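Please read this briefing alongside the structure.

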Amino acid sequence: MSDTFLHGRTALVTGSTSGIGLAIAKGLAAAGAKVAINGLGSPEQIASAIAEVDAAGSGGTVHFGADLRDPAAIEAMMTELAGWSNGGIDILVNNAGIQHAVPLHEMPVAKWNDIIAINLSSAFHTMRLAMPAMAGRGYGRVVNIASVHGLVASKDKAPYVASKFGIVGLSKVAALEHAAQGNRDSGGVTVNCICPGWVETPLIEPQIEARMQGGSRNDGVRALLAEKQPSLRMTLPAEIAALAVFLCRREAHNITGTAMPVDGGWTAQ
Ligand code: NAD
């Protein structure tokens, strides 16, 4: 990409050692931003994620290993980031998320706590710590990766759906509170959710495997899509990244408080 409109900007993408987050980190780097990644993984996986983001942009990628279940670890990360970014990041992408699909009465309490902490509470903490600097600067972008499950429910996903409806609501409140900050020239401070349907990443592998029924992985993918996603096509992580990068443009200053489905028609039904 030759349009480096984010040159001079800094970004944090949570959960970016894999999947959608890694693709967004690469997209922001390619658009010129200096990117901080976060997420779990082996040293090799983390080194490889840093190398991929460096290669997409012009280098300088840093990794923060904060476990997002721990508010104190998030605070420490945000304090370090304020120094790294000269006063506070310009772009915050809350992407980290986990899933566990079983009926409500079988849901382990520990899974409920982890899913709410990672998928929802971590975004509250990063936003409360990052948004004052954005407001002061008159430019800021918060892109929260919710899900189609922030707009409609499916069975067996109680904490996931609760967390995703929660992050859609949290984002709308933050959007309203920051709507009048900055101006058209500075780009304003916006907060939006992207709500993907099925995206080809490790997160959904257990759900594909559960539908293979002795057949191939492709059979599992087809069955998963047929249940909910009318396009019958998976979204690629880079396609979610393209939308996240667009939301960071100055021209997107009046797109705020939205929850945008990228779901092949799932929520149109
Ligand atoms: P993924 O499993 O590929 O990546 C998840 C990332 O979160 C990884 O980097 C992982 O290390 C990180 N993470 C997990 N627990 C963490 C913790 N405690 N602390 C810090 N980081 C942690 O998943 P993905 O599919 O790329 O999902 C990214 C986001 O997109 C999630 O919020 C997910 O709910 C959402 N989403 C995914 C799909 C899909 O079909 N894949 C659909 C809708 C929404």
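S147 has a relative accessibility of 5%, so this residue counts as buried (buried is under 20% relative accessible area, exposed over 50%, partly exposed in between, with a 1.4 Å probe and protein chains only). This is a predicted model: local features need pLDDT of at least 70, side-chain atom pairs count only at pLDDT 80 or more, and totals for chains, interfaces and linings use all residues. Residues are numbered from 1 along each chain as its sequence is written, and side-chain values use heavy atoms, with hydrogens and water left out.

**Around S147**

- S147 sits in the loop between β5 (139-145) and α5 (158-178). Helices (H or I, at least four residues) and strands (E, at least two) are DSSP runs, numbered from the N terminus.
- The S147 side chain reaches the backbone nitrogen of H149 at 2.8 Å.
- Apart from neighbours within four places in sequence, S147 is in contact with Y160, K164, I194, C195 and P196 (contact means heavy atoms within 4.5 Å).

**Two domains**

- The chain divides into domain 1 (10-197 + 237-260) and domain 2 (202-234). These bounds come from an automatic or database domain assignment.
- Ten residues from domain 1 and five residues from domain 2 make the contact.
- The domain centres, taken over C-alpha atoms, are 26 Å apart.
- Together the domains bury about 470 Å², with 49% of it on carbon and sulfur atoms. Buried area is the accessible area (1.4 Å probe) that two parts lose on being put together, summed over both.
- Q99, S154 and G197 supply 44% of the area that domain 1 buries against domain 2, more than any other three residues.
- Two residue pairs are in polar contact between the domains, both at pLDDT 80 or more. A polar contact is a pair of N or O atoms within 3.5 Å; within protein, one must be able to donate a hydrogen and the other to accept it, and residues adjacent in sequence count only if both atoms are side-chain atoms.

**Salt bridges**

- The whole structure holds eleven salt bridges.
- R249 and D3 meet through their side chains in one of them, at 2.7 Å from N to O.
- This pair links distant parts of the chain, 246 residues apart: R249 is in the loop between α8 (237-247) and β7 (259-262), and D3 is in the segment before β1 (10-13).
- D3 is partly exposed, at 33% relative accessibility.
- D90 forms a salt bridge with R9, with the closest N and O atoms 3.6 Å apart.
- D90 lies in the loop between α3 (71-84) and β4 (91-94) and R9 in the segment before β1, so the pair ties together parts 81 residues apart in sequence.
- D90 is buried, with a relative accessible area of 5%, while R9 is partly exposed at 24% relative accessibility.
- R69 forms a salt bridge with D114, with the closest N and O atoms 3.4 Å apart.
- R69 is in the loop between β3 and α3 and D114 in helix α4, 45 residues apart.
- R69 is partly exposed at 40% relative accessibility, and D114 is partly exposed at 22%.

**Two other residues**

- H125 is found in helix α4 (residues 109-137). H125 is buried, with a relative accessible area of 12%.
- G59 is in the loop between α2 (43-56) and β3 (62-64). At 28% relative accessibility, G59 is partly exposed.

Notes. A salt bridge is a side-chain nitrogen of Lys or Arg within 4 Å of a carboxyl oxygen of Asp or Glu.
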